[in-house]
Amino acid sequence: MDNTLIRHISALAAALFFAPLLPGIINKVKAFFAGRKGPRLIQLYFDLAKLLKKEVIVSRSSGGIIRIAPSVILAFTITAAALLPMGGAASPAGFAGDALLFFYLLGTCRIFSVLAAMDTASSFEGMGSAREVFFSALAEVAVFTVLAFLALSANSLKLAQMLCSQGVDSWMNFTPVLMTALAMFLVLLAENCRVPFDDPETHLELTMIHEAMILDYSGTDLAAILYASSLKLWIFAAFITSLLIPPGVFAVWQETALFFAGIIAIAVLTGIVESSMARFRFLKVPSLLIAAAIMPVLALLFVIFFLNGGVQ
C-alpha cells in the first residue's frame with residue numbers, strides 16, 4: 001500500500017478518535033486561567049458514552065427534519081475530514097476542485113442544523129437559527145476570500161496543492177500565509193461558536209446562538225451533534241496547521257508530529273482567547289468577520305506587489 005495513503009488513513013483515524021479531546025483542552029486552559037481544576041480532559045468522551053445509552057425524544061411539532069439532521073451532519077463532517085490533507089499526506093479521495101466540495105459539505109451541515117432547529121417550532125431555536133444564518137453569511141465571505149488567495153497562489157482548487165504548496169522560505173513569503181491563517185482562525189472561532197462570537201457554555205437563552213439550536217436534541221442524536229462539532233473544530237485546526245507547515249522542509253515523522261502539535265496549539269490558543277476576552281456584542285461581530293475577509297485580500301495584494309513574480 002502506498003505510504004501516503006497509509007499516512008492519511010492513520011491521520012484521519014487519529015482525527016476521528018481524538019477530536020473530542022479538543023474541547024477538553026480548551027476547557028482545561030480556561031480553567032487554568034480561572035484558577036480552577038476544571039472538567040476532565042476526556043469529559044466529552046464520558047458525555048458521549050452516556051448520551052449513546054439514552055433514548056431520543058422528538059417534539060410532536062417536528063416535521064421530521066430533526067430526525068435526519070444529526071445523521072446528515074455527522075456523515076458530511078466525516079466526509080469533509082476525509083477530503084482534507086492530514087499530516088502532510090494528501091487525501092486519496094482528493095480531486096481537482098475538491099476545495100469547493102469541502103466547504104460546501106460544511107455549509108450543508110449548517111443548512112441542516114438550521115432547518116432542524118426551525119423544525120422544532122421553538123421560538124428560542126428560531127432566534128438562534130436567525131443569528132446563525134446572519135453570522136455564517138459573513139463568515140462565508142472570509143472563507144471564500146481565503147479560498148481565492150490559496151487557489152491563486154497554488155494555481156489550483158485542489159486542497160492538497162492549496163495547503164501543502166505555500167512556500168515560507170523567508171519572512172516575506174510567510175507574511176501572506178500568516179495573514180491568511182489568522183483569517184482562518186477567526187473563521188474557526190465563528191464557525192465553532194467560540195468566544196468572542198458565541199459562548200458554548202452560556203445558559204441564557206436570549207444570548208444563545210448555536211446552543212439555542214440544539215435544545216431539542218437528546219440521546220444518540222445529541223451525541224452525534226456534539227461529536228460532529230468537535231470534529232469540525234479539528235478540521236478547521238488541521239486546515240490552519242497544514243497551511244502553516246512548510247512543505248519539503250521536515251522529515252515525514254517530523255511533519256506528522258508538527259501537524260498534531262499544531263492542532264493542540266490551536267486548541268490552547270482558543271482557550272487563551274476565551275480566557276482573555278468576553279463575547280462581543282452582536283453589533284460588533286460583523287466588524288470582526290469583515291476584518292477576517294479583508295486579510296486574505298491584503299495577503300494577495302502583498303504577494304502581487306512585494307514578492308517577485310507575483311501570482312502566476
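**Close-up views of a predicted model**

View 1. Ser 62 counts as buried because its relative accessibility is 18%, below the 20% cut-off. Look for Ser 62 in the loop that links α3 (43-52) to α4 (65-83). A polar atom of the Ser 62 side chain lies 3.1 Å from the backbone nitrogen of Gly 64. Keep in mind that this is a predicted model.

**View 2. Helices α10 and α11 packed together.** Two packed helices are described by the angle and the distance between their axes. Here α10 (residues 219-244) and α11 (residues 252-276) meet at about 120 degrees, with axes 9 Å apart. The two helices are therefore oblique to each other, and their crossing is right-handed. Residues making the contact include Trp 234 and Ile 240 of α10, along with Phe 259 and Ile 263 of α11.

**View 3. Helix α12 from end to end.** How far apart are the end C-alpha atoms of α12? They are 31 Å apart, which agrees with the 32 Å that its 22 residues (285-306) should span. Among the buried residues of α12 are Leu 289, Met 295, Phe 302 and Val 303.

View 4. Most residues other than glycine have a negative phi, and most peptide bonds are trans. Cys 193 is in the loop between α8 and α9, with a positive phi near 60 degrees. Asn 155, in the loop between α6 (123-154) and α7 (159-163), also has a positive phi, near 55 degrees. Cys 193 is buried at 6% relative accessibility, whereas Asn 155 is exposed at 63%.

How values were computed. Residues are numbered from 1 along each chain as its sequence is written. This is a predicted model: local features need pLDDT of at least 70, side-chain atom pairs count only at pLDDT 80 or more; totals for chains, interfaces and linings use all residues. Side-chain values use heavy atoms; hydrogens and water are left out. Helices (H or I, at least four residues) and strands (E, at least two) are DSSP runs, numbered from the N terminus. Buried means under 20% relative accessible area, exposed over 50%, partly exposed in between (1.4 Å probe, protein chains only). A polar contact is a pair of N or O atoms within 3.5 Å; within protein, one must be able to donate a hydrogen and the other to accept it, and residues adjacent in sequence count only if both atoms are side-chain atoms. The expected span of a helix is 1.5 Å times one less than its number of residues. Axes are lines fitted to C-alpha atoms, for helices over the stretch in contact, and angles run from 0 to 180 degrees between N-to-C directions. Angles under 35 degrees count as roughly parallel, over 145 as roughly antiparallel, 65 to 115 as roughly perpendicular and the rest as oblique. A crossing is left-handed if the near helix is turned anticlockwise from the far one by less than a right angle, and right-handed if clockwise. Contact means heavy atoms within 4.5 Å.
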